[in-house]
Every structure is written in C-alpha cells, then in structure tokens.
There are 2 protein chains.
Amino acid sequence: MHERTQEESMNLEKARKDLAALQRKMSAYNHAQEIIYFDGATTAPKGTAENRAVSMSVLSEESYKLCTCRETVDLLEYLDSRKDELSEKEQRMVYLLLKDIRSTAKIPRDEYVAYQDLLVTAEDVWHTAKEKNDFAMFEPYLKQVFDTNIKFAGYIAPEMDPYDYWLNEYEEGLDKKTCDEFFEALRSRLVPLIKKIGEVTAKSCSGEGPEAAQTGKLPDKSILFGNFPVEKQRILSERIMDIEGLDKNHIGLAETEHPFTTSIGSHHDVRITTHYYEDNAVSSMYSVIHEGGHALYDAGSAEDLAYTVLDGGISMGIHESQSRFYENIIGRSKAFCKCILPVFKELFPEQFENVSAEDFYKAVNAVEPSLIRTEADEVTYSLHILIRYELEKRVMAGELSVHDLPAEWNRLYKEYLGVDVPDDKRGVLQDTHWSGGAIGYFPSYALGSAYGAQFLRRMGKDAIDVEKNAEIGDFSKINKWLGEQIWPHGELYTPRQLLDRVLGEAFDPNVYLDYLEAKCRDIYGI
Amino acid sequence: MHERTQEESMNLEKARKDLAALQRKMSAYNHAQEIIYFDGATTAPKGTAENRAVSMSVLSEESYKLCTCRETVDLLEYLDSRKDELSEKEQRMVYLLLKDIRSTAKIPRDEYVAYQDLLVTAEDVWHTAKEKNDFAMFEPYLKQVFDTNIKFAGYIAPEMDPYDYWLNEYEEGLDKKTCDEFFEALRSRLVPLIKKIGEVTAKSCSGEGPEAAQTGKLPDKSILFGNFPVEKQRILSERIMDIEGLDKNHIGLAETEHPFTTSIGSHHDVRITTHYYEDNAVSSMYSVIHEGGHALYDAGSAEDLAYTVLDGGISMGIHESQSRFYENIIGRSKAFCKCILPVFKELFPEQFENVSAEDFYKAVNAVEPSLIRTEADEVTYSLHILIRYELEKRVMAGELSVHDLPAEWNRLYKEYLGVDVPDDKRGVLQDTHWSGGAIGYFPSYALGSAYGAQFLRRMGKDAIDVEKNAEIGDFSKINKWLGEQIWPHGELYTPRQLLDRVLGEAFDPNVYLDYLEAKCRDIYGI
C-alpha cells in the first residue's frame, strides 16, 4: 500500500507540473497571436494583413491542437479525477480548460468548421452592408449566425435555454431572469430621466428655461471642440497615465483607429491604445482613462497567475466595471474635472482660458440621446444596450425574425431614446458584435457600469474618500483597494462570487441609478 | 507494376504537400518570434523583456521540435531518396532542411544545450566586461566559445578545417584560401591608400598642403553637424524610402537603438529601423538607405518562395552587397549628393544654405582611420574586418591564444589603420559577434562591399546609367536589374552560384579597390 501511495503522489506531482507547462505553452501561443494582432493594428505596413492571416491561422491551429490533443485531455481528466487534492487555483484551471474542451467536443467537427467560415464571411459582408447601408445583404448571414448559436447551445447544454447558455458564456452566472430584472430597473428610471432632461434642454433652447435659470447654465459641449494638436494630446496622455497610476514599465500606450486593451502573453505586458481627434479635446483622454482601467485590472493579476489560464480579468462585465469606473465615475466627476482642468489650461491656454471647472464638468457630462452606442454619454449608454438585449433575446426565443430586426430597432430607439433612426448603417448595422457571433455579449457592458457604482459605495464604506483623491489626482488609495479586492483574483472566482466577496451585499442596479439621477440633478437641476 | 507506380506517385505528391505545410508552419513560428523581437526593440514597455523571454523560449522549443521530430525527418529523408523527381526548388528546400537536422544530430545533445547556455552567459558577461573595460572577465568565456566552435566543427565535418567549416556556414562556398587572397588584395592596396590620405590630411592641417590646394578643399565633416529636429529627419526618411523605391505597403520603418532589418513571417512584410541623432544630419539617412537595401533584397524574393525556407536572402555577404551598394556606391556618390542636397536645403535651410553638392559629397566620404568598426567610413571599414578575420583565423588554428587577443588587436590597429587603441572597450570588446558565437561571420561584411562594386560594373555593361539614375533620384532601372538578377532567387542558389550567374566572370576584389581608389583620387587628389 505504501508503495502505491508514493507512486500516486508522484503521478499527481508530475501532472501538476505538466499542467503548469501546458498553460505556459498556451500563454506563449497567445503571446504570439496577441502581438501579431497588436502589430497589425498599430505598426504593420498597410499591405500585410494577408501575411498575418497566414501565420495566425497556423498558430491558432497549433494552439488548438495543443489544447485538445489526447495527451492534454488525459492530463486534465486525470487531474479532474483527483481534484480534491488540488489547490483552489488548480481546480479552477482544470475546470476552465476542461469546460472548453468538453463544449467543443459536443459540436460536430464539420459544423464547427463551417461556423468559423461563416463568421469570417459574415464579418466581411457586414462591413460592406454597413458601408452600403444594405441590411438585406447581411440578413441571411445574420440569420445563420443566430440559428447556429441556438443549435450549438442545444448541443452543449440541451437542458438550458439557448440564450441563457450564451449569457452565461460571456458572464458566468448571468441569465435572462437576472437581465430582465436589471434592464427593467434601468428602463423604468432612465427613460423618464432622459425625457426630463430633453424637456429641460428644449425649454432652454426655446428660451423658456426656468430650471436652467435656477441651477446655472446648461452643459455647453462646444467648449470641448477646437484645434488640439496631437503632440499636445500625447503629453496629456502621459499625464493621465501617471495620474491613473499605470506602471509604464509594464503598460504601453499606442495609437489605433479604435481604442482597445490587450495583454501580451501575461499580465506583465499590457498595451492600451487611443485615437487622437484634433478637433476634440477630451475624446482621447477618456479613451486613455477607460483603457487604463482595463489595463490596471489585467496588470493587477496576482503574480502566480502569470502564464496560467487564470491570468487577466474574469469577464467583460467586471472588466467594464473597472474601465467605466475610471472613465465615468472618477473621470467625469466634478472633483476630477477640478484636478485636470489646469492641465488643459496649460496645454491649450486659449481654448480653456475662460472655462471653469463647473463648465468643464457639465460639458463632459452632457446628456444627449443619440444614434451611435459608442458615442453615447453615461446616462443614455445603458439604453443602447437595453435595446440590443431585448432584440437578441427575442430573436433567440424565436419571437422576432432577423428580417424584422431593423424595424424593431428603430421603434425601440424612438421609444426609449426619442430619436429617429435615419438609416440602418446608423441603426441595426452599427455594431460588429453580431457579425462576429457574439450574441449575449452586450448586457455585460451595462452590467459593468452598474457594478462600478456599487464598488464606489463600498469604497466609501471602507473610508476611502474617492472624491478627494480624484480632486488631488492621487489614485493610489483607490488603486490599492481595487488592487486588493478585485484585480489579483484574475479568473479564480466567477463574477458573481467576486461581487459577493467584494460587496458583502446583493448586486442592486438602483445604486447605479441613484448615482446617475444625482448627477443629472446636479447638472440639469431636475 | 502500374499500381505500384501510381501509389508511389501519390506518396510523392503527398510528401510534397507535407513539405509545403511543414515550411508554412516554420514560417508561422518565425513570424511569431520575429514580431516579438521587433516589438521588444521598438514598442514594448521597458519592463517586459522577461515576459518575452518566457514566450520566446516556448516558441523556439516548439519550433525546434517541429523541425527535428521523427515525422519531419522521415518526410525529408523520403523526399531526399526521390530527389531526382523533385523540382530544383524542392531539392534545395530538402537539402537545407536536412543539412541543419543532420548537423545538429552530430552534436551530443548535452553539449549542444551547454553551448546554448554558454552563449547566454557569454553575452551577459561581454556586456558587463565592455562596460567595465575588463577583458580578463570575458576571456574564459570567449575561450570556451572558440573551443566549442572548434569541437563542434570536428563533430559535424571532421574532414574540414574548423575555421573553413564556419566560414562556409556563414557564406556557403567560402574558405580560408579565398579569404586570404581577398583580404591580402585589400590589405596591399588599402593600407597604403589610407596612409597617403593621412599624409594629405596632415599636411593640410599643418598648412603645407600642395595636393589639397591643387584639388580644392579637403572634406569638411563639420557641415554635417548641428541641430536637426527628429520630426524633420522623419520627413527625410519618408523621402528616402520613396526615392529608394521601397514599397511602403510591405516595408515599414520604425525607430530603435541600433538600426536593423527583419522579415516578419515572409517577404511580404519587412521592417527596417533607424536611429535619429539630433546633432547629425546624415547618420539616420544612411541607415535608412542601408537597411532599405536589405529590405529590397528580402522583399524581392519570388512570390512562390513565400512561406518556404528559400524566402529571403541567401547569405550575409550577398545581403551586405545590397545594403552597402545602396548606402555607399549610390548613396555616397557625387550624383546622389546632387540629388539629395536640395532636400537638405529645404528641411534644414540655415545649415545647408552655403553648402555645395561637392562639399556635401566630400563630407559624407571623409576618410578617417578610427577605432570603432560600426562608425568607420567606406575606405577604412574593410580593414576593421581584416583585423577581425586575421585574429579569429589564428585563434581557430591554435596560433594565437584568446589571452593574447587584445595585444594583437591593438598591434594590428596600429599597423593597418595607424591608430592607438586606448582601451579594450574601444578595442577587442567592441563587437557582440564573438560573445554570440558568430565566429567566421565577419568576412561577409567586407565581401559584400566588394560584390557590390562588381555588380555596379555589371550594370554598366548592361547599359544602366547608374550615375544618371542616382542624380535624378530614380532608382527604378537599378531596382529592376537587381530585382531580376539577384532578389527573386532567395536561397535557391549559393552565393557563389549566384555571383557566377550574375557576373558572368570571376569575383575580383580589384574591381572594388579600383572603385575606392578612384573615389579617393577624386576627393583627396591622390
């Protein structure tokens, strides 16, 4: 007996080492693919996309083989069979790795390959369809994407509602029931709020604004537009990175068409990007603050998570809770506007000579129902998401046909935001998500904003004076709190587990709605 | 019989496809490693080197396994056994792939690994030793590097002289005999030439310069020094790339500490780098022209060589023949100086207001014996190489101990270049090559320059008016000639075969020496 036990424990030790080696290999393949993607978005000569595609396809195939080969499956199943002897982290690694393998194994190989091909085509067609404002062209591909998502969910989790399956994929623990309650809370308080702001603004424009008169000026966004040389804006980016507490030894800044954040191989190397608009003083700054939040989360993983599948953020929802916390809750607070305005006065003296912190604060928080999600303000943003949620939920349930999506899209934009959608390219064709197969992904954007507000309240209970720290431009206490409560855990806990640990109370969207209403009261006097 | 033949031909067809697939995979691994390296040199945050090292080590191991696994060896040996049925290109692919595998197989695995470790340490130690000007510290490692090179050559090619083996590794077909003749030709004409220039210069300084008086002013390099903002130099780089005919869709320019050229995955994506010195008007320009030459060669591989081992240049010697052809033979010609001076007058009007094309031409061609190889002018450069060649040849033959290298180095610098070496960091410790194990590599630098001069003569025979094309800044005819004669062949032909095809006559260093002497006659009136 003694001999057997010894042998068993040697086997387990070896398997643990193999598990670490496997993940190190996976990280290296990820490193390669991430840096090839990053290079393509930032530096590569224009004509080299095809060359990258050739290498990417080989590397993703090699990495897929590594993750799904007999040897890997045997290793993981062996470890799974002895999971009680593994650490909490190892258990989670094995669970996440096996989950992917088992899901993929349930999809017939030919259908899986056909779907990958479909996505490539669908994205191409979507690009052209958007350019040509031609939804009919995209419709059959979009229908196939929805159909395949329903079918695959049925293969993998026949016991689940298909949309629930996908919601849970993007935000572990999320389902329609939770979303319904969440979005209903948002809808019921934000739609009237936005309507009221619309009325105040309209009255002011027509010169009958008693509320505006009571509470000072309404927001004037025009103070943010002018001529802001890129060189100066680059200096601003550096200052913002320093204030936000980004470690430039491990977090780099580059320029791309659309801002994003990516880790390169591990949390030791994170890149954020921004886009400079010469006519807009704050667009790039808020991109940097936002992506900086993602970067802080990624880079904040515990040291022993590097080169494992637990490295980096757990979900889009938690990720957005960090980025939007920094961008909106801090970055658009009155306190931070006081902090940053002197930098604008220094860099762009003529433009900001007569601008007060109050003017600046109002301008960067102006609420204006609009057509395009990515340009929406903090208050209307969640309604853009709500509309997408309602639509994809109904299509997945067979209650709405893909053919009828544009009409419903336009109807809901009118109902919730009060805007008329003039064409599909500024309507149902605006986002890339569906063409990429990401159905069930949108809700996490709105959830993240709401999580953030509850983190803010929790910080307050923990005696962190966020407002004061924002005003003096010292984020160290805020970063320390998030860097202890949230960032180090990587993918160890599900979003729900993490929220329970951090909040010590149930998630409640009303905290977020209270926050938004208070801000609007301050700005619009309503 | 008929059946068997059909089966055989099917097997061969499959093996050919597998050969293509194997090389495509190898290219993808190269792509990953090249872009990780490039990112590290250009964009990555400062603290991320270790993170890259982790991924690089995995990727190089995976790629090594791919190249040497049983399946690959079987495939290559099968194809080798039927090589008469393969195309010329396939034969060469199989030859090159097998050559590497067979060489490596002859080295005991533990010695191979120990040597890789030695090189990592040796390079580290070299860095410190150079910094501290402490050769004694580096000596034991350098001795081990030389000893291992001798030993490994003995394992792989016991019938060959060890140094011949390594020369042939870096420049297929090269041996000591050829090098001896080549360098003797250089020594016998360049050493007196440089001495004469030194005399003319000294007389001029002491005011007794009859030659200088006869032939106008001596070169005045000071006109190239001043204040040249990086932004302006970046504009110059763009112009140079256009004039040189670099296709910016496939060739990118970045900034690094030391300029280099690298292909990313295939010849469809080539990157060059430069370094801007604000006080030097031409340093970066000549880097761009030089690296541009490498890039044209790499990018000029025939389309069907992409994603094969034949893609890119055949050897360092031929590579330098291209880069130095553009940099020196064209870029430092009087004709090109006439072409480019107006751009300098436009970008830096004050500095170049009173500078003539003749002044500029002389300044960029000033001959000055100096200590540092990488900063040497066109005429003295080859003597820096000659010294390294003589020294490593004698160490490899056991005629000179590593311990005595510094003294011999200093003696030869005095003898050939007339300069006193004040310390080892500006002497024997200046280059990284030996610490990296690259023994036998240096000669290719000098050979390249000499090849280039003979290409120039050949172009003339083919009725290309290089001088006129340089003067009007239109390189299309020159690029077309090189793009037909040299670039498309990639690694298909050995350097010797390529030279035979292109020159139609024996390689003769006197063509290069004639060229150099003529230039010096023009500039120094000697």
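**The interface between chain A and chain B**

Modeller: In this predicted model, chain A and chain B bury about 2900 Å² between them, with 59% of that area on carbon and sulfur atoms. H31(A), P45(A) and N51(A) contribute 18% of the area that chain A buries against chain B, more than any other three residues.

Biologist: How many residues of chain A and of chain B are in contact?

Modeller: On chain A there are 39 residues in contact with 39 residues of chain B.

Biologist: What makes the pair E62(B) and K25(A) a salt bridge?

Modeller: The closest N and O atoms of E62(B) and K25(A) are 3.5 Å apart, and the criterion is a Lys or Arg side-chain nitrogen within 4 Å of a carboxyl oxygen of Asp or Glu, so the pair qualifies. Between chain A and chain B the count is four salt bridges. Elements giving two or more residues to the side of chain A that touches chain B include α1 (2-42) and α2 (49-68). The largest share, eleven residues, comes from α1(A). By type, that side of chain A divides into 15 nonpolar, 13 polar and eleven charged residues.

Biologist: How do you know that the span of helix α18 of chain A agrees with its number of residues?

Modeller: At 1.5 Å a residue, the 19 residues of α18(A), residues 443-461, should span 27 Å; the end C-alpha atoms are 28 Å apart, which agrees.

Biologist: Why is α18(A) called largely enclosed?

Modeller: Buried means under 20% relative accessible area. Because 14 of its 19 residues are buried, α18(A) is largely enclosed by the rest of the structure. After α18(A) comes A463(A), with a positive phi near 65°.

Key:
Residues numbered from 1 in each chain as written. Chains lettered and ligands numbered in written order. Predicted model: local features only at pLDDT ≥ 70, side-chain atom pairs only at ≥ 80, totals over all residues. Heavy atoms only, no water. Helix = DSSP H or I, 4+ residues; strand = E, 2+ residues; numbered from the N terminus. Expected span 1.5 Å × (residues − 1). Buried < 20%, exposed > 50% of the residue type's maximum accessible area, 1.4 Å probe, protein only. Contact = heavy atoms within 4.5 Å. Buried area = accessible area lost by both parts, 1.4 Å probe. Nonpolar A, V, L, I, M, F, W, Y, C, P; charged D, E, K, R; others polar.
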